[in-house]
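I opened my notebook to look through this model step by step. Here are my entries, starting with a pair of strands.

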Amino acid sequence: MNRTWWKEAVIYQIYPRSFMDSNGDGIGDLPGIISRLDYLKYLGIDVIWLSPVYQSPNDDNGYDISDYQAIMDEFGTMEDFDELLAAAHERGIRIVMDLVVNHTSDEHKWFIESKKSKDNEYRDYYIWREGKDATTPPNNWGSCFGGSAWQYDETTSMYYLHLFSKKQPDLNWDNPKVRKEVFDMMTWWCDKGIDGFRMDVISMISKTKEMPDGTVHGLYGDFGPYCVHGPNVHKYLQEMNEKVLSKYDIMTVGETSGVTPELAKQYAGEDTHELNMVFQFDHVEAGGKYGKWSDERIPLTTLKKILSRWQTELYGKAWNSLFWDNHDQPR
C-alpha cells in the first residue's frame, strides 16, 4: 500500500466554541486557536480537524450552515481564518474542514428560496413531498433528533425532509445543480489552501425515490434502509472525487455510521476513487446496552476482536481512521 502523509498523521479535533476564548466573551474563537498553535505543535499533532466555523444560526452547534463561504461572527472573520491557515502551515500543521452537505440550515438562501413556491428555481434543491393527507406526513420516519423527519410548510402546503433538526432540511443530491453548488464550494476552500475535509454523515446524501413507511422502533419508523448507504452515494462520491478531490493533495474522511468492512472497501478503496478513509463506530459503540451512553468498560477481548477484524479485512484494500472520542462520542 502506498505511503501518503494522511496515513501516518495524528489528527486533533478542535471544537472551536470550547477550545480557546481570545476576547473574554466566553466563546472560543479562531484567534484563540491561533494563540495555541505552538502548544498543539508541542503535542505532536500533524492535522487539526476543525469542527464547523461557517456562518450558522447555531441550532445544531454549527452543523446547520447558512453560508458555506463565511465565518460565524462569534468565531471571528475570514481574515482570521486565513491567518489561522497560514500560521498552522508555518508550523507544519494541516487544517481539515468539517464538510456538512447532507443538509443546510433552513436559513440558507437556497432554502429560503426553495420554500417560496413549487416552481421556484431552488425548489428541487431540497426534498419536498405531499402529505398522506392534510395532517399526516408523507411517511412515518423519525428524525435522529426526535419527532417526525418531516416538517410541514404552510406556504406551499407540503412537507420537507429533515433527518436531523427541523432547521436542517436535507439537500436533494439527485439534482445536478446541488452537486455543482457543493463541488464549487469545495473547490473554493481547496483553492484557499485547506488540507482536506471530514465529511459529516456523508453516507446519507443519497435517498431512494420511493419513501415508504419504515419499520417502527418506538414512536417512529426507521429511515435507514432508504437513506443510509443509498442507491447513488458511491456514484456521487466518485463524481466529487473527479470534479474536486483528485485535483488536490488533501485528506478526506467520511463519517459513515453503520458502515461494514465490505462497504468501507467501496467508500475508501485504494482504487474506487471516492474517499481516503472512513470513520467506523464499532469500537466506540461496544459499551453494552446503552452504547456510547454507557459507562460500562469495554472488555479488552471485545475491543481486540473489533479492531483486528477491521485491520484484517481492509489490509491492502482500504483505510479506516481510528478515533476514541469526538463531538458526538463521549469517551
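**Entry 1: strands.** I looked up how strand β5 (residues 94-99) meets strand β9 (residues 196-199), and I found 3 bridges joining them, with the two running parallel. Helices (H or I, at least four residues) and strands (E, at least two) are DSSP runs, numbered from the N terminus. I noted that Leu99 has Met199 in β9 as its bridge partner. This is a predicted model, where local features need pLDDT of at least 70 and side-chain atom pairs count only at pLDDT 80 or more, while totals for chains, interfaces and linings use all residues. Residues are numbered from 1 along each chain as its sequence is written, and side-chain values use heavy atoms, with hydrogens and water left out.

**Entry 2: the sheet.** Which strands form the open sheet, and in what order? I read off 7 strands with parallel pairing, in the order β1-β2-β5-β9-β12-β13-β14. Two strands pair if DSSP finds at least two bridges between them. β1 (11-14) and β14 (320-321) are at the edges and have a single partner strand each, so one side of each lacks a neighbour in the sheet. My reminder to myself: strands of a sheet pair through backbone hydrogen bonds, parallel or antiparallel.

**Entry 3: salt bridges.** How many salt bridges does the structure hold? I noted 20, each one a side-chain nitrogen of Lys or Arg within 4 Å of a carboxyl oxygen of Asp or Glu. One of them joins Asp82 and Lys192, at 2.9 Å from N to O. Asp82 lies in helix α4 and Lys192 in helix α6, so this pair ties together parts that are 110 residues apart in sequence. Asp82 is partly exposed at 32% relative accessibility, and Lys192 is partly exposed at 25%. The cut-offs I used are under 20% relative accessible area for buried, over 50% for exposed, and partly exposed in between (1.4 Å probe, protein chains only).

**Entry 4: another pair.** I then looked up Asp106 and Lys167, whose side chains meet in a salt bridge at 2.8 Å, N to O. Asp106 sits in the loop between β5 and α5 (109-114), and Lys167 in the loop between β8 (158-161) and α6, 61 residues apart. Is Asp106 buried or exposed? Asp106 is buried, with a relative accessible area of 16%.

**Entry 5: near the start of the numbering.** Arg3 forms a salt bridge with Glu8, with 2.7 Å between the closest N and O atoms. Arg3 is exposed at 69% relative accessibility, whereas Glu8 is partly exposed at 49%.
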